[in-house]
Amino acid sequence: MHASLARQLSHTLRETHLPSLGAPYQGKVRDVYELAGGRLLIVATDRLSAFDRILTTLPFKGELLSRLAVFWFEKTRDVFANHLLDVPDPNAMVCSACRPLPVEVVVRGYAAGSLWRDHVAGRAEAAYGIRLPSSLKKDEKLPAPIVTPSTKAPKGEHDLPISEAEILARGLVGRKVWEEVTEAARALFSAGAAWAAARGLILVDTKYEFGLAGGRLLLIDEIHTPDSSRFWEAEGYERRFAAGEEQRMLDKENLRQWLLARGFSGHGDPPEIPDEVRVDLASKYVAAFERITGGAFEASPGDPVPRIERNLRARGIFGKG
Ligand SMILES: Nc1ncnc2c1ncn2[C@@H]1O[C@H](COP(=O)(O)OP(=O)(O)OP(=O)(O)O)[C@@H](O)[C@H]1O
Ligand SMILES: [Mg+2]
């Protein structure tokens, strides 16, 4: 797999230009085009971001992310309604256009990542409004999953933890909608964790976004991908935890730790990401895809743009050009 990932380095999808659709909104990872009829075309590019900064591209990352999100959207449709309408291409989804809620809903089952870093620094309670047991150890399973929301910062700024009390006090989300959202997030997390467990993985934590379309609340954006979630290898978790060793990760935390080891945590100039690291990270995304879906990832090498355009045209989405 490494050789085909390395060959794809020169064909990664940095951004899309689909002229007949107008200029897209560019998120850190996705290019979002408005379609008629209250729909969006969301194209996942190969852009890689960490600490809210775009750093480089990874071979096939967009396709892997989009296909994984589709897999989960279909699997969890009965748990909570989502924005997915159609899948015209492996990199693209047609979705219901929503008004996104201004908060991201993070659910955590373990003391890991930024929650652990904030806990060690003594800022967790103030930041999240949640008291954690003082005996808590790194990577320990929490007594029950917790919701630690964050703001959805404007482009270029960092998302910050926010307490439930502050969300309600500032009226960012009304109480009734907030209750529905947190209940949905917990149910989705529990469904995701159960599926992951059946595949020998631990769903450690994840981030959901919700939006409103015509008064209806929908899960939007992505779900349970290695960009939005942390996955650990279940086998050996207890042993590594007891020995104080790092868990085996299938997610972006690999990259975060690589960056932190080089002194980058989202401020100043990020380090250059060498090609070997890009290929290695891409192989982590492939591994996550294959482990979660239980199928092999058959990559279609080369420039994905002609294929995307052909597929959109076949759906009548991309008329001219
Ligand atoms: N169904 C939807 N309706 C409206 N907006 C959506 C929908 N699904 C996703 N989005 C938004 O589209 C964008 C997807 O792009 P991406 O995930 O790359 O952005 P991001 O960098 O994470 O977030 P931001 O745009 O806030 O910087 C996000 O802003 C997301 O909130
Ligand atoms: Mg996003």
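Domain bounds are taken from an automatic or database domain assignment, and with that in mind I opened this predicted model and noted that the protein chain is divided into domain 1, residues 2-99 + 271-314, and domain 2, residues 101-209 + 234-255.

**Entry 1: the two domains**

I then asked how many residues of each are in contact, and the count is 26 residues of domain 1 with 21 residues of domain 2. The size of an interface is often given as the accessible area lost when the parts come together, so I looked that up next. Domain 1 and domain 2 bury about 1900 Å² between them, and 64% of this is on carbon and sulfur atoms. On the domain 1 side, I wrote down Asp52, Phe80 and Arg291 as the residues that lose the most area to domain 2, together 29% of what that side buries.

**Entry 2: what holds the domain 1 side**

I searched for charged pairs between the domains and found zero salt bridges between domain 1 and domain 2, whereas six residue pairs are in polar contact there, with both residues at pLDDT 80 or more. Which elements give two or more residues to the side of domain 1 that touches domain 2? I listed strand E1 (25-26), strand E4 (47-50), helix H2 (61-75) and helix H9 (275-293), and noted that H9 supplies the largest share, eight residues. Sorted by class, this side of domain 1 has 15 nonpolar, five polar and six charged residues.

**Entry 3: around ligand 1**

I turned to ligand 1, which is surrounded by 17 residues, the closest being Tyr25, Lys28, Val29, Arg30 and Glu209. For tyrosine 25, I noted an N or O atom of the side chain at 2.4 Å from an oxygen atom of the ligand.

I counted 25 salt bridges in the structure, and one of them joins arginine 30 to glutamate 222, with the closest N and O atoms 3.1 Å apart. This pair links distant parts of the chain, 192 residues apart, since I find arginine 30 in strand E2 (residues 30-35) and glutamate 222 in the loop between strand E13 (216-220) and strand E14 (229-233).

Notes
Residues are numbered from 1 along each chain as its sequence is written. Chains are lettered from A and ligands numbered from 1 in the order in which they are written. This is a predicted model: local features need pLDDT of at least 70, side-chain atom pairs count only at pLDDT 80 or more; totals for chains, interfaces and linings use all residues. Side-chain values use heavy atoms; hydrogens and water are left out. Contact means heavy atoms within 4.5 Å. Buried area is the accessible area (1.4 Å probe) that two parts lose on being put together, summed over both. A salt bridge is a side-chain nitrogen of Lys or Arg within 4 Å of a carboxyl oxygen of Asp or Glu. A polar contact is a pair of N or O atoms within 3.5 Å; within protein, one must be able to donate a hydrogen and the other to accept it, and residues adjacent in sequence count only if both atoms are side-chain atoms. Helices (H or I, at least four residues) and strands (E, at least two) are DSSP runs, numbered from the N terminus. Ala, Val, Leu, Ile, Met, Phe, Trp, Tyr, Cys and Pro count as nonpolar, Asp, Glu, Lys and Arg as charged, and the others, Gly among them, as polar. A residue is near a molecule or strand if one of its heavy atoms lies within 4 Å of it.
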